[in-house]
Amino acid sequence: MQNMGQVLPLSLVRAGETVTVRRVRGSEDMRRHLQEIGFVDGAEVHVVSSSGANIIVLVKGSRFGLDAKVAQHIMAA
């Protein structure tokens with residue numbers, strides 16, 4: 001189910017949902033690192049699974065595991 005325009009941290013997106021990156025927050029280093037692996041404005045992100053501490057996503061054809069604290073910096077709708 002597509003999120004209807006509400007922007008929220010990627011850490012709160014449920015497994016099975018696909019969202020679009022709207023903004024990446026955090027330090028310059030963190031933003032640069034996330035952008036280098038595909039978390040850029042407009043990128044589609046599919047959440048494969050989400051537990052309390054970790055989230056597994058598909059972005060630009062690659063699968064990544066993110067710590068929930070890092071995923072909080074990726075704002076998506």
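Student: Which side chains meet in a salt bridge at 3.6 Å, N to O?
Tutor: Those of Arg32 and Glu28 do, with 3.6 Å from N to O. Please bear in mind that this is a predicted model.

Student: How many residues apart are Arg32 and Glu28 in helix α1?
Tutor: They are four residues apart in helix α1, so about one helical turn separates Arg32 from Glu28.

Student: And Arg31, what does its side chain meet in a salt bridge?
Tutor: The side chain of Arg31 meets that of Glu28, at 2.6 Å from N to O. Both residues belong to helix α1, which covers residues 28-36, and they lie three residues apart, about one turn of the helix.

Student: Which residues are linked in the network of salt bridges?
Tutor: The network links Glu28, Asp29, Arg31 and Arg32.

Student: Is Arg14 buried or exposed?
Tutor: Arg14 counts as exposed because its relative accessibility is 54%, and the cut-off for that class is over 50%.

Student: And Glu17, buried or exposed?
Tutor: Glu17 counts as buried, because its relative accessibility is 11% and buried means under 20%.

Student: How many salt bridges does the structure hold?
Tutor: The structure holds four salt bridges. Among them are the Arg14 and Glu17 bridge and the Glu28 and Arg31 bridge.

Student: Why can such side chains pair?
Tutor: Side chains of opposite charge can pair when their charged atoms come close.

Student: Now the strands. How many bridges join β2 to β3?
Tutor: Three bridges join strand β2, residues 18-24, to strand β3, residues 44-50, and the two strands run antiparallel.

Student: Which residue in β3 does Thr18 stand opposite?
Tutor: Thr18 stands opposite His46 in β3.

Student: How does β2 run relative to β6, parallel or antiparallel?
Tutor: β2 and β6 run antiparallel, joined by three bridges, and β6 comprises residues 74-76.

Student: What is the bridge partner of Arg23 in β6?
Tutor: Met75 is the bridge partner of Arg23 in β6.

Key:
Residues are numbered from 1 along each chain as its sequence is written. This is a predicted model: local features need pLDDT of at least 70, side-chain atom pairs count only at pLDDT 80 or more; totals for chains, interfaces and linings use all residues. Side-chain values use heavy atoms; hydrogens and water are left out. Buried means under 20% relative accessible area, exposed over 50%, partly exposed in between (1.4 Å probe, protein chains only). Two strands pair if DSSP finds at least two bridges between them.
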